[in-house]
Amino acid sequence: MAAALVIVASLCGVRAVRGQTFLILAAGAEPGAGPGVPPDSSVFTPAHRSFLDAVKEYFGIQSTPVQPIAFTHKIHLQNGLQCTNCHAGVTQGPNAGYPSITFCMACHQAIAADKPEIKKLTAYAANGQEPPWQRVYWFYPTAHVRFQHAPHIRNDIACEQCHGDLAQQTVAVKTKNLNMNFCLTCHKAKGVSVDCMTCHY
Ligand code: HEC
Ligand code: HEC
Ligand code: HEC
Ligand code: HEC
Ligand code: HEC
């Protein structure tokens, strides 16, 4: 049944493909394929792993990330570290970046080495792995947003304006909804380009 539909779809041409994909998905959901498992087809790749993912994206829902280590911004900022010590990319280009585990271990080889969270960190280091930090601020790829840190930092826009006060956070928490209106309000106020292509590709 699925194979027949693939042939029908390919005969119907590009414009019909979207509708046909749904039929093939339904056909694929026969015995064997569990809920949300896309049909085994290299031609029709559904954009979402599951129907739930598609619904979440439609409503712009992002789940709260769970970090591999209970990192704390508060304590490190109290100990005099600066944002740019750990997120060195902000002044140079699009991405802020994350500190390497080598940087963490320069202190934690000795500091708090007996604490459970630091033991987890040490274990990653021993395996030559970076902790798999989960993204907190991000856009769905379908929004095609292009963001760059460097021009904002050069113009003295504080991290806090977009990320809230990290000195009050342990792991980073999404305190601001960086939606299009948020970006546009400031761009308009500061006379920065609001051309669609400034932020979209
Ligand atoms: C004008 C708003 C804005 C300012 C100011 C800003 N950020 Fe961001 N930041 C963002 C957005 C938007 C994203 C998500 C970008 C994406 O997914 O493409 C992000 C992502 C990040 C990330 C994770 C992804 C990455 O880029 O590596 C880190 C870390 C980060 N910001 C740190 C900082 C720090 C530190 C500062 C201050 C020095 C700062 N940001 C200032 C808007 C801002
Ligand atoms: C410049 C030194 C320094 C660097 C670099 C550093 N830390 Fe720390 N870290 C500290 C100090 C000091 C404390 C507080 C220790 C205490 O309370 O006994 C701390 C505390 C912690 C704690 C809390 C431990 C606990 O359970 O009480 C975690 C988790 C942690 N650091 C993770 C990291 C990670 C991950 C990195 C790299 C991204 C990192 N640290 C980089 C100095 C550093
Ligand atoms: C000692 C290193 C360290 C310092 C100093 C530090 N950060 Fe972080 N930051 C991290 C680590 C590790 C993560 C990943 C874990 C998490 O999300 O909290 C992170 C995550 C973030 C994120 C979430 C990135 C994402 O995935 O979207 C933002 C935003 C951020 N930091 C901003 C800041 C700002 C602003 C400052 C200064 C006020 C700062 N950080 C200082 C280590 C640091
Ligand atoms: C608080 C003010 C403010 C906010 C919020 C803000 N911007 Fe900006 N943005 C600026 C300023 C100032 C510049 C620098 C313009 C320059 O250098 O001429 C800039 C520059 C940019 C540039 C580079 C433009 C170029 O010509 O190279 C991009 C891309 C951009 N912003 C995207 C965004 C996006 C996406 C958001 C929302 C996630 C955002 N901005 C939020 C103030 C802001
Ligand atoms: C200053 C930056 C900026 C400018 C300029 C801008 N956008 Fe956006 N736009 C964004 C951001 C950021 C998002 C993502 C918001 C989110 O995910 O909540 C977005 C989302 C969108 C979306 C929704 C996409 C989706 O799938 O969620 C559309 C459509 C859109 N923009 C169209 C436009 C058009 C058309 C223009 C020009 C008239 C424009 N934008 C100018 C920043 C900008």
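Trainee: In which loop does histidine 144 lie?

Mentor: This is a predicted model, in which local features need pLDDT of at least 70, side-chain atom pairs count only at pLDDT 80 or more, and totals for chains, interfaces and linings use all residues. Residues are numbered from 1 along each chain as its sequence is written, while chains are lettered from A and ligands numbered from 1 in the order in which they are written. Helices (H or I, at least four residues) are DSSP runs, numbered from the N terminus. Histidine 144 lies in the loop between H7 and helix H8 (149–154).

Trainee: Is histidine 144 buried or exposed?

Mentor: A residue is buried if 20 or more other C-beta atoms, placed from the backbone, lie within 10 Å of its own, exposed if 12 or fewer, and partly exposed in between. Histidine 144 has 11 other C-beta atoms within 10 Å, so it is exposed.

Trainee: What phi does alanine 112 take?

Mentor: Most residues other than glycine have a negative phi. Alanine 112, in the loop between helix H6 (101–108) and helix H7 (116–126), is not a glycine, yet its phi is positive, at about 55°.

Trainee: Which helix gives the most to the shell around ligand 5?

Mentor: Helix H10 (180–189) and helix H11 (196–199) each supply at least two residues of that shell. The helix that gives the most, with 4 residues, is H10.

Trainee: Of the 10 residues of H10, what is the number buried?

Mentor: Helix H10 lies largely in the open.
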